[in-house]
Amino acid sequence: MLGGQGSGQGIGQGILREDVRADLAEPEIAFETRGEAGLITLKRPKALNALTLPMVEAMHRQLRAWAADARVSRVVVRGSGGRAFCAGGDIRQIHALGRAGRHADVMAFWRGEYWLDATVKTFPKPYIALIEGIVMGGGVGISLHGDVRVAAESYSFAMPETGIGFFPDVGATYALPRLPGCTGRYLALTGSRIGAGDALAVGLATHAARAADFETLIDRLAGGGAIAGAFEGLDAPAPKTGPLVAERALIDACFSADTVAEVLARLDAAAGEGSAFAAASAKTIRTRSPTSLTIAQALMRRGGELGFAEAMLAEYRLAERVMRGHDFYEGVRAVIIDKDNRPAWQPATLDDVDGAAIETAFAPPDPAEPRFDGSQGPRDAAPAAGIRS
């Protein structure tokens with residue numbers, strides 16, 4: 001779904017879909033060395049390859065091992081099942097832990113996930129993500145910060161967190177403001193899905209390839225040599241572009257505003273002049289958590305001036321605040337658990353959001369806080385159940 005339409009459906013089916021628990025008889029994540037390539041396969045297809053904390057920690061440890069292994073010259077990550085590369089994190093589990101008052105366990109997930117994203121960002125060897133189907137939330141974190149991002153024909157990107165009372169994280173604070181014009185702000189506030197054509201146009205994806213050619217790509221990458229050579233002769237048809245290209249001028253004009261209220265005012269004005277895209281975008285934004293929208297706008301406004309580690313620390317601080325608040329739990333209830341799609345946000349209006357509290361996330365780092373510069377990660381431990389290496 002594009003142009004802000006069908007976003008609630010996208011959230012329920014995407015990053016937030018955790019209705020089906022993986023069969024623990026099957027591995028959640030698998031690692032293998034194929035020639036010069038370290039290959040990571042996410043193996044929770046029934047849960048759209050959503051990440052659990054054991055998966056995150058196992059992947060982090062394996063990346064660290066491959067970084068030190070001279071026999072491995074590049075890493076490739078892919079999803080299984082065909083429907084999703086990775087649709088995010090285990091939101092139901094986070095919701096349950098928070099409701100049970102287990103705040104330390106909740107923050108252990110965010111800390112572990114953000115450490116992994118920092119490891120991907122700073123990985124010293126080429127890191128290639130083969131993306132078929134949905135890539136949202138945590139799936140963005142383990143792909144977007146790598147060197148090569150290959151979009152298959154079914155590629156579907158979104159960061160729809162404002163629809164469940166959260167905010168675009170996993171390094172979106174660093175990456176989205178660096179997209180052309182205000183396209184990153186549009187993606188952050190609306191949570192709308194885009195396809196491969198738009199992703200290539202703005203740099204979210206670096207290459208297009210048929211999903212049927214992914215195995216050939218892996219074999220070629222395993223053979224060593226230049227990464228670009230692996231794509232020779234595998235030219236995929238140019239994917240069609242969508243609203244990020246077609247509506248770029250309007251996106252830049254409306255989403256360049258400093259506040260969410262002004263974004264909405266500009267969209268309303270454009271809708272009054274006949275823009276269906278502006279009307280749909282405004283309608284979508286008005287269904288989102290006012291607190292989440294205000295956080296997302298602050299992150300998009302400030303993120304272009306932050307280094308990666310600074311951006312991740314701001315996200316971590318905000319995650320801690322949101323996990324102690326109301327809207328995340330209400331949003332997950334409304335969209336994922338009860339599925340009535342009628343969240344009662346608190347506060348209910350943009351005017352009542354405490355913007356000053358959000359600004360504290362950008363304070364200088366405290367030495368006691370986690371660092372997201374690739375230097376920290378989970379303690380060494382035996383792989384958890386359901387992890388195969």
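Does Cys86 count as buried or exposed, and at what relative accessibility? Cys86 counts as buried because its relative accessibility is 0%; buried means under 20% relative accessible area, exposed over 50% and partly exposed in between, with a 1.4 Å probe and protein chains only.

The model is predicted, so local features need pLDDT of at least 70 and side-chain atom pairs count only at pLDDT 80 or more, while totals for chains, interfaces and linings use all residues. Residues are numbered from 1 along each chain as its sequence is written, and side-chain values use heavy atoms, leaving out hydrogens and water.

A search of the whole structure finds zero disulfides, a disulfide being a pair of cysteine sulfur atoms within 2.5 Å. For Cys254, the nearest cysteine sulfur is that of Cys182, 9.6 Å away. Cys254 is buried, at a relative accessible area of 4%.

Arg193 lies in the loop between helix H7 (183–190) and helix H8 (196–202); helices are DSSP runs of H or I with at least four residues, numbered from the N terminus. With a relative accessible area of 14%, Arg193 is buried. Its side chain makes a polar contact with that of Ser156 at 3.3 Å (N or O atoms within 3.5 Å, within protein one able to donate a hydrogen and the other to accept it; residues adjacent in sequence count only if both atoms are side-chain atoms).

H7 also meets H14 (residues 290–303): heavy atoms within 4.5 Å count as contact, and among the residues involved are Gly184 of H7 and Leu293 of H14.

Terms used: Helix = DSSP H or I, 4+ residues; strand = E, 2+ residues; numbered from the N terminus.
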